[in-house]
Every structure is written in C-alpha cells, then in structure tokens.
Amino acid sequence: MESVLSTTASPIASTLGKGIREQLFRPELVLLPQVNEVYELELAFYESQLLSEEELIRNGAYFARVGDSFTRHFLICSGKPVKLPDYSSSRLRAFFKTNQFKTGYATHGLFPYRGKFHPQMIKGLLNAMGLRPDDSVLDPMMGSGTVLIEASQMGITSAGLDSSPFCRFMASAKLSALSLSCDPLQEALKHPEVVFKHFQKLSPSAGPDKGNGKDGYSASLFSVAEKGRSSGKIPDLLKPARIHDFLLLAYLDSAGYALRSTRKSPEEQFAAILERYVFVVEKFQKAAAAFGIDLAKAEALEGDARAMPFEDESFDGIVFSPPYSFAIDYLENDLHHLNYMGTDVTALREKMVGLRGKTKKQKYENYNSDMALVIRECSRVLKPGRICSIVVGTNNNQIGNLLGIPPEEVRGIDDLLLQLGSESGLKLVRRIERQIVGMANTMRTEFILMLAKQD
Ligand SMILES: C[S@@+](CC[C@H](N)C(=O)[O-])C[C@H]1O[C@@H](n2cnc3c(N)ncnc32)[C@H](O)[C@@H]1O
C-alpha cells in the first residue's frame, strides 16, 4: 500500500525537512551547544540580523561558528570548564559542564552571588541593544558585576553601582582578575594555609563603616585591605592591592561555604577554592592573549541607584536587574562578608531597595516608590534613542500573601516598571519572556524589558 507521506510528499516533507533553527538562521551560522530555550533563540536571531559576520565572530554570544571561523565565545569557553576538587559531587560536575557556554567562562564563576545574571544572555542583550565597541553601558545595581565583566571583554566601556560595599569589592576583584598577573597567584597556591590564616586574623577588626574611603573602597574595607597588605605575615608578592583583593575574595567565598557546609574544614575549602580561582584566571588570560582581547575600561562604584553620580545623557545603554521586591534579603545573605568588612549593616539597610521598612507591607510600598526614583534616574542618564533593559520577575506568592489576594492577581513587577518607564519617557520596544529553571522556589518566569528613551 502506498504511504500517506508519499502521496502528499511535497508539502509535508518540505515542512518537516527544515527545523526551527534552519528556518531562523543562515546555513553558515552554527549555534553553540545547549541553545535550547526560546529566549536564547530570540537573542541569537537578533544577533544574526544585527551583527556583521566579523562582529558575530568577535562579540556574538550564541554562535560556535560563522562559516569556517570559530567565534571568540566558543573559543574562550572551550576546554575544561573549571578545576574542581576530587571530592566534588557528580551533580556539581554536570552543572559546570551544562553551563560551559552560559556562565562558565571569564571570571563569572568566581563567587556564588545569588541572583546573578547569565553572562551569555547579557552578551546577547548588549548586542541586541545595538551596543558596539567604544559605546558605554551602565548597570546601576551591578551585584557581582556581570554586565561590566561582559562589556569589558566586548570593548564596551562600562560603569556599575551598588549600594553594598561588598558588591563593589566583589565586582572590582572579578574585573581586575581578568588581567591579573599569575605568578603571585601560583605562589599563593604553594602556601594556602599561610594566606588563609592571614585573612582569618584580619577579621573582624575594621570598625564601623564611615562611607567612601580612599580609591573608592568603603572606609572599613579599605582598612582591612590596608592592614592586610602592611602585615609581615604574607609574602611580599601577595601584597599588591589587586592580588590581595583577589585572595580576599577567595577567602570570603570559602568562609561562605564553611557556613553552609561542614563537609570540609574551612582551610581545605579555601585551598580548593583558591585552586579553582587561579585556574579560571590562567584560562582566561591564555584565551585573551591568544585572541587579542583588549579589555575596555570598567568602573565598579559604591553608590545609590536612586541618586546616581552621573551626568545627564552619559550612557549609550543601561542593563540591570533590580531586587524582585523583598524576595531576597541581600544583606542577610552577605552578612558574614559585610561584618568582616566592618560595615554598619543597619545603616546600609536604609539604602537598599526592597529592604527598607519594618513590615513587609512597608517594604513593598517603599520598593514601589524607590523603583520610581531608579527608573527616573535611568532615563536621565541614558542618551535619547538608546535602550534600557531590565530583567525582572515577581515573587507573586509572597506579595499575594501580604496583600491577601491570590498569587495570579498580583500585579507583576514588570508591569509596574513599564508604567514607571512610560512616566519617565522610556517606552517598551520588546518584552522577552524567560523561564527560570532549576530553582526550588515558586518563581517561574522572568522578563527582559527593553525600553527605548524617547527623543
Ligand atoms: C538582582 S541583584 C543584581 C545582580 C547582578 N545583576 C549580578 O549579575 O550579579 C540586585 C542588586 O541591587 C543592589 N541594590 C539594592 N538597592 C540598591 C540601591 N539603592 N542602589 C544600588 N544598588 C542597589 C543589591 O545590593 C543587589 O546587588
């Protein structure tokens, strides 16, 4: 008997003959592995439309090859993703492998900051926003500095703000690790116990925070770092500020692990984390030298997004993710590190969007009025015609409980930001939906809102 397919062969066969990827992309564009989600295909599609072949090879986020040429993104992510200690679980190993092209490159993997961006998505977004080398971008709530690290490798000048001095410290240390000299780090690896004890003894000793100190350090961290560098207890090679900050970041990372897990002693954790950190720096620097990556200027500052220290119309783009109302208490999460630096956490809480207020109701109300100020500032510092992208989700269950309404009736934070944007001259050009995967909480979706500043 003749099959159904053969009688109607041409329309069915021709429809089935081309997958979604072939429909979207020219044959010479080969996607990276694991580009599976709709939002990723959407950003990849914008890249394929907006970038020349040369630009795709240099700065594209989602392609492995353009014709016969491998992209930089493919090359910097290739090879062993990370150096893990032998006792690491197979789950952790699988995580790094799966995320090799999404998060596991440059210095993004240093320090597990909660709520940080997927760097590959940021790269795709910067491209879709029309930002090109020598343009400038701002992240007014930079957290761990993902936007700055990504922009810097792409030749885009960047600035970041965060009200937490710990974020400023973490973002600067990760940025400067992109070009850190590896010899002193090898020296540190020979004596992890000396380095560990050095930092253990420095804390908590800095006294209350007195605002901004020298070189943009918060005063308290400056005194920790200063004291550490003048101590005779570590080799001179490890005293330069950038090296010392890098080692301190690894120390704080290990202290955070030690609070969450008792499987290994803090010293053992520190040695393993330091080895991983040094591996990351060496891997990136080999790639940067091989592909001639010139890092663009990036500045991580401590400051308040509600009152930004920038001139009007000074940036070609803005990308940020605000706290999702009061969903995460960033100060509680970083308490150990802030205490280590001697930060006055009670005073800092008053500057934190989402954390101001005694009751949840007050926090929610303050969040709404604080975000109005942030959005107004974004509009002020953005050049006309350029784009401000905001990544945001809504903690519907928590807010629903608070307001006494079902979660599905809670107004999305994306909706609030769109209204605030339109009141400040920022108009929606694209809303991209993204599923949040692998989280144990109930937040399932977040949005990338792309708003253009009206001329
Ligand atoms: C969702 S996190 C950003 C994470 C970041 N996108 C990353 O990749 O690491 C939100 C950040 O907003 C910061 N923040 C809260 N209130 C702020 C304010 N008034 N000014 C600047 N930053 C603030 C918090 O400290 C936190 O780091």
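Leucine 338 lies in helix H17 (residues 335–340), where helices are DSSP runs of H or I with at least four residues, strands are runs of E with at least two, and both are numbered from the N terminus. At 0% relative accessibility, leucine 338 counts as buried; the term buried stands for under 20% relative accessible area, exposed for over 50%, and partly exposed for values in between, with a 1.4 Å probe and protein chains only. Leaving aside neighbours within four places in sequence, leucine 338 is in contact with Ser164, Pro165, Phe166, Leu331, Thr343, Val345 and Leu348, contact being defined as heavy atoms within 4.5 Å. Leucine 338 and cysteine 167 are 171 residues apart in sequence, and their C-alpha atoms are 9.7 Å apart in space.

The model is predicted: local features need pLDDT of at least 70, side-chain atom pairs count only at pLDDT 80 or more, and totals for chains, interfaces and linings use all residues. Residues are numbered from 1 along each chain as its sequence is written, and side-chain values use heavy atoms, with hydrogens and water left out.

The protein as a whole has 21 helices and 10 strands. Of its 455 residues, 53% count as buried. Among contacts between residues at least 6 apart in sequence, 71% join residues at least 24 apart.

The structure holds 14 aromatic pairs. Rings of Phe, Tyr and Trp (its six-membered ring) pair if their centres lie within 6.5 Å; planes under 30 degrees apart count as stacked, over 60 as edge-to-face and the rest as tilted. Two of the pairs are set out below.

| Pair | Type | Centre to centre | Angle between planes |
|---|---|---|---|
| Phenylalanine 166 and phenylalanine 169 | tilted | 6.5 Å | 40° |
| Phenylalanine 196 and tyrosine 251 | tilted | 5.5 Å | 55° |

Phenylalanine 196 lies in helix H12 (residues 192–202) and tyrosine 251 in helix H14 (residues 241–260), so this pair ties together parts that are 55 residues apart in sequence. Phenylalanine 196 and tyrosine 251 are both buried, and one aromatic cluster is formed by Phe196, Phe199, Tyr251, Phe270 and Tyr340. Phenylalanine 166 and phenylalanine 169, by contrast, both lie in helix H10 (residues 165–176), three residues apart, about one turn of the helix.

In helix H21 (residues 413–423), the residues Ile413, Asp414, Leu416, Leu417, Leu418, Leu420 and Gly421 are buried. The buried residues of H21 pack against helix H19 (360–381) and against strands S8 (382–393), S9 (426–435) and S10 (445–453). Glycine 425, which follows H21, has a positive phi near 80°.

The ligand has 23 residues around it, of which Tyr113, Ser144, Thr146, Asp162 and Ala305 come nearest; a residue belongs to these surroundings if one of its heavy atoms lies within 4 Å. By class, this shell has 12 nonpolar, seven polar and four charged residues. Here Ala, Val, Leu, Ile, Met, Phe, Trp, Tyr, Cys and Pro count as nonpolar, Asp, Glu, Lys and Arg as charged, and the others, Gly among them, as polar. A backbone N or O atom of alanine 305 lies 2.9 Å from a nitrogen atom of the ligand. For lysine 351, a backbone N or O atom is likewise 2.9 Å from a ligand nitrogen atom. Taken alone the ligand exposes 600 Å², and the protein buries 99% of that, with areas from the Shrake-Rupley method and a 1.4 Å probe.

Key:
Polar contact = N/O pair within 3.5 Å; in protein donor to acceptor, adjacent residues only side chain to side chain.
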